[in-house]
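Could you walk me through the main features of this model?

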Amino acid sequence: MAGRGGAAAEDVPLEAGTRLMVRWTDNSVHLASIVDTRPLKSTDDDGDAGAAGAGAGAGGGKADDASELPPNERKYYVHYVDHNRRMDEWVTFDRLLPETATAKPKPVEDDTKDRRRARQKRKASYGASEKETVDSSMAALEKEHEEITKVKNIQTIEIGRYEVDAWYFSPYPEEYCAGEKLYICEFCLKYMKKRKTLDRHKRKCDLRHPPGDEIYRDGHISVFEVDGKKNKIYCQNLCLLAKLFLDHKTLYYDVDPFLFYVLTEVDDRGCHIVGYFSKEKSSPEDYNLACILTFPPFQRKGYGKFLISLSYELSKLERRVGSPEKPLSDLGKLSYRSYWTFVLLETLRQSQGALSVRDISQLTAIKTEDIISTLQALNLLKYWKGQHIISVSQKLIDAHLATKSAKSAMFCNSKYLRWKPRISARSGKAR
């Protein structure tokens, strides 16, 4: 059968880099790129899971074996073009449309890169700036990180009463990636390969809440502050768990400089983890949040905005303005823009007179840069005679605040917050 380019299907190898259409479970078709191939085995076979998840390395160990097999005896890890990597998945041959396959384009050899490389070398010989060196190193690290994490090593986790599909790669020890499912204790976050091991662990584990100080309780909602230095294993396990749902998270093991604020739902069995955010104990850039996540079973319930609002309530108690560490994830960007929009418009609605950007910053603990970008996105800010002027009517504010998302927003209530800033012995300042 001829493909779009006129080549027969067998002329286009189904290998890493090949693009073709893939059928989704709803019978729609989408353009995808093959990332990896491995032997197809029964999911009940322990060996299959080992092949699917072996590795943390760039490409995993079984891809070469698969290349010698017929196409219908292989499985294919595909990335859907123009979709987030969380949609990447293993598919079998029957879901591929091989007649649409196009070969991986070969790089065109020219001297452009050589000339650019030569210029960079000459520039380096005269002394490249420190920033350029750092940028180059970061780009190399990003490329290495993308290569290592391109294939999910864990497909599904079971935690508490939920079974959740993983979105991204997480650097769990390789021996724990040999099965299709990873079992996690919802209280101590210890991870296990088998259900019977989890059942045995649950009979012994006496932890019923995160190992830290409870700083907030409002009905069935509770927040614990966990010190990464005092509770290293728990925080490392939390980071590994979170990486399954965060694409660009790189903090796994160096948890000592961070505090973790773990949000839970409380019932008679204990405090069940919902989400968390981390924060540097001391941030020269005034970041009040390093990483934030609401776990998938609890998303779209307002918990993300609650965690964001909690981070700003802590900043208010520290008497400083704050901002999240960049870059934010795609979901993080949406949550923050929604939060900033609501808080800024509510502040303007309640004000008795004109407010400047600096006034709003002092009232909300939001950095002026974040205020300006949000008001500009809302087309409520004008620049006149060297100053930013807020131009907004009460009618427009009320219209924004009347939306469904604004009405259902969940925020931290400061009257239930029991927390004091940590004091640095060296500086005497809050940290």
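## Cores, a sheet and a helix

Leaving aside neighbours within four places in sequence, Leu241 is in contact with Ile157, Ile159, Tyr172, Ile184, Leu189 and Phe295; contact here means heavy atoms within 4.5 Å. Please keep in mind that this is a predicted model, where local features need pLDDT of at least 70, side-chain atom pairs count only at pLDDT 80 or more, and totals for chains, interfaces and linings use all residues. Residues are numbered from 1 along each chain as its sequence is written, and side-chain values use heavy atoms, with hydrogens and water left out.

Leu241 is also one of the residues that touch the most other members of the largest nonpolar core, which holds 76 residues. Such a core is a set of buried Ala, Val, Leu, Ile, Met, Phe, Trp, Tyr and Cys residues joined through side-chain atoms within 4.5 Å. Buried means under 20% relative accessible area, exposed over 50%, and partly exposed in between (1.4 Å probe, protein chains only). Helix α8 gives this core its largest share, eight residues. A second, separate core has 13 residues, among them Val22, Tyr76, Tyr80 and Ala101.

Tyr76 also leads us to a sheet, as it stands opposite Val91 in β4. Four bridges join β3 (residues 74-80) to β4, and the two run antiparallel. Two strands pair if DSSP finds at least two bridges between them. The open sheet has five strands in the order β4-β3-β2-β1-β5, with antiparallel pairing. Both β4 (89-92) and β5 (96-102) stand at the edges with a single partner strand each, so one side of each is left without a neighbour in the sheet.

Next comes helix α9 (residues 357-364), where Val357, Ile360, Ser361 and Thr364 are buried. These residues cover an arc of only 105° around the axis, which puts them on the same side of α9; the arc is taken from the directions from the helix axis to the C-beta atoms. Helices (H or I, at least four residues) and strands (E, at least two) are DSSP runs, numbered from the N terminus. The face turned away from the buried side of α9 carries exposed Arg358, Gln362 and Leu363. Just after α9, Ala365 takes a positive phi of about 70°.

| Residue | Relative accessibility |
|---|---|
| Cys185, buried | 4% |
| Cys271, buried | 8% |

The disulfide count is zero, taking a pair of cysteine sulfur atoms within 2.5 Å as the rule. For Cys185, the nearest cysteine sulfur is that of Cys188, 3.6 Å away.
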